[in-house]
Amino acid sequence: MSTGLAATGSSTGGEPLGDQAKIRCDQATKVYETQTGQLVALDHFSLDIAAGELVTILGPSGCGKTTLLWSMSGLHGLTDGQVLIDGTAVSGPRPDTVGMVFQEANLLPWRNLRKNIDFAFEIRKKRKNKERIEHLLEQTGLAGFTKAFPRELSGGMQQRASIVRALAQDPEILLMDEPFSALDAFTRDEMNRLLLKLWEESGQTIVFVTHNISEAIFLADRVVVMTARPGRLAHIYNIDLPRPRNIDMTFEPHFIELIQDVKRVVETGGHAIEVE
Amino acid sequence: MSEVPSELRDEIPKFDDDARQDHGPVGMTALTSMRTAKSALEIGTIIGLAIGVFWLIELILRVTDTPEFVLPKPTQVVTTLVGDWGTLYGPHLWVTVQTFLMGFAIGASIGLLLAAVITQLPFVEKVVAPYIIIMVTMPMVALIPFLRLKMGFGIGPIVIAVALASGPMVMINSATGFRRTDLAKIALARSYGASTFQIFRQIRFPMALPMIIVGFMVGAIFGLLTTVGGELVAGSERGGLGRQLKFFSSLIILDGFWATIVVIAALGVTIYVVFFLIGKKWASWQT
Ligand SMILES: Nc1ncnc2c1ncn2[C@@H]1O[C@H](COP(=O)(O)OP(=O)(O)OP(=O)(O)O)[C@@H](O)[C@H]1O
Ligand SMILES: [Mg+2]
């Protein structure tokens, strides 16, 4: 398997981190019972993620990325294997540690934008961090829309709102399921920069699912490529681009090479991944 | 952004796809889609038209010299309505409203509660479904003569019939609402550690609310029908608008009869408007 000039890779679960792992997927396997029989969505998937790491997950549609994130968040159980967070097996949601940005904005249509953000605080019975919320609204360009209902917001605005909702909680671990998929290229770059800035300030652990190779590389410490269904680990790239990163890096030959390299692996391991 | 080939996409379930929207007997749109008058011109035209119709009927009846026992003149109806309000209409309106409200309150709360519980128990839901259909389609007025035999001549039997008429309507619509489960929204709440009650209060109930309001509206209209019908077939000793209808028609006092019809119509419209406004306030996110 070819590896890029600056990227080292492996097709196992990366360096085992032992007890150090913030998140450990250990032979995670998920089988769905469907009308047409059993469907293996996740097949013995193993991966260790260190505290403070930003890992992006690339894979063709339907390969089990959402399934993987839901398993990490404890929203559903596994058929086999386990996910450990801070060394203990995940058996249900851990709102104090893990925050989730769902695929598709998943806002509550009967609440306006501000009340949607408040929702998380209400459920958790936590006092609102007003400054942080205002700051995030400002940064995501939503400050003027707090009274608007989801149906009055564009798809991209809804996605940004759902990201603010999750970020406002400031969780140790942030699981993001294609959070920027509905954004145009410019806003997406903008959001990527914001995410990196917040991440660098906070030291969160982030698992970020995307279809976009360039985005995956730009953000990541490591890019995890999954195979087409059943979802297996295809390859892991260590991205050694210096930080802080800026959009100009994405035009450098080195970055382009990385994209091509990842694309090649994706095409053999998984397929149907977009390249910008 | 280039698209993923569709053959890879087709099996992906859309978690928040709300395919079961509006499968009840009446859709939410029936509540909020009615156009409301906005400008002074529109309101003026509506009032002007009503006045016009009023005087047109008056004129026709005068010109044709129609006798009062065929159709009373609108002015006569208004005269008795205003003049005898305190004796012939007001008190009976109050009895009807009381009977209706009591029956509806009982029926609607039981119906709502049962809907909330039963939709969580799919097996029970299937087993009781036929009985609910029977109760929805059964004209409950028919039970009143029987209830009279057991309970005497108060408003009790009518209250029970009203509850039986409105309850199943509220239930069947609310159940449709509660059945709209949205996995992604429930997952969202769970990811913040929501309890079962919080999920009900914050997700299931608001999701169901538009259909609940529809159920309340339809139930209230059925309830009013049953109230007036019940008073008509088995008038209570306290009176009520239905019994007044029977009283006036048996004595061929047709201006009184028509005045009572006007009061009943006004009551029906009031009920409609109340639920229309509730729907606008609490369910407009859906449209
Ligand atoms: N609740 C479910 N019941 C049955 N099958 C499911 C369920 N959820 C997902 N699947 C199946 O599991 C496979 C993986 O789905 P998943 O949503 O994890 O894919 P994904 O990688 O997130 O795809 P996408 O990039 O399109 O979001 C798919 O084939 C899907 O049809
Ligand atoms: Mg997905």
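Reply: This is a predicted model. Chain A contains an open sheet of 4 strands in the order β3-β2-β5-β6, with antiparallel pairing.

Me: Which strands are at the edges of that sheet?

Reply: The edge strands are β3 (37-49) and β6 (88-89) of chain A, each of which pairs on one side only.

Me: And how many bridges are there between β2 and β5?

Reply: Strand β2 (residues 23-34) and strand β5 (residues 80-85) of chain A are paired in the antiparallel sense over 5 bridges. As one point of reference, A:Cys25 has A:Val83 in β5(A) as its bridge partner.

Me: What lies across these strands?

Reply: Helix α1 (residues 65-73) of chain A lies across β2, β3 and β5 of chain A, and runs at about 60 degrees to β3(A).

Me: Now the metal. Which residues coordinate the magnesium ion?

Reply: The magnesium ion (ligand 2) is coordinated by A:Thr66 through OG1 and by A:Gln103 through OE1, at 1.9 to 2.1 Å.

Me: Where do those two residues lie in the chain?

Reply: A:Thr66 belongs to helix α1 of chain A, while A:Gln103 is in the loop between β7 (98-101) and α2 (113-124) of chain A, so the pair ties together parts that are 37 residues apart in sequence.

Me: Is A:Thr66 buried or exposed?

Reply: A:Thr66 is buried, because its relative accessible area of 15% falls under the 20% limit.

Me: And what is the relative accessible area of A:Gln103?

Reply: For A:Gln103 the value is 31%, and this residue is therefore partly exposed.

Me: Changing topic: how many residues of β10 are buried?

Reply: Strand β10 (residues 222-226) of chain A is mostly covered, with 5 of its 5 residues buried.

Me: Which way do their side chains point?

Reply: A:Arg222, A:Val224 and A:Met226 point one way from β10(A), whereas A:Val223 and A:Val225 point the other way; all are buried.

Me: What does β10 pair with?

Reply: Strand β4 (residues 54-58) of chain A runs parallel to β10(A) and is joined to β10(A) by 4 bridges. Within this pairing, A:Arg222 in β10(A) is the bridge partner of A:Val55. Strand β11 (residues 233-238) of chain A also pairs with β10(A), in the antiparallel sense, over 5 bridges.

Me: How many residues lie between β10 and β11, and which residue stands opposite A:Val223?

Reply: β10(A) and β11(A) form a hairpin with 6 residues between them. A:Tyr237 in β11(A) stands opposite A:Val223.

Technical notes:
Residues are numbered from 1 along each chain as its sequence is written. Chains are lettered from A and ligands numbered from 1 in the order in which they are written. This is a predicted model: local features need pLDDT of at least 70, side-chain atom pairs count only at pLDDT 80 or more; totals for chains, interfaces and linings use all residues. Side-chain values use heavy atoms; hydrogens and water are left out. Two strands pair if DSSP finds at least two bridges between them. Contact means heavy atoms within 4.5 Å. Axes are lines fitted to C-alpha atoms, for helices over the stretch in contact, and angles run from 0 to 180 degrees between N-to-C directions. Donors are N, O and S atoms within 2.8 Å of the metal (3.2 Å for Na, K and Ca); water is not among the atoms, so sites may look incomplete. Buried means under 20% relative accessible area, exposed over 50%, partly exposed in between (1.4 Å probe, protein chains only).
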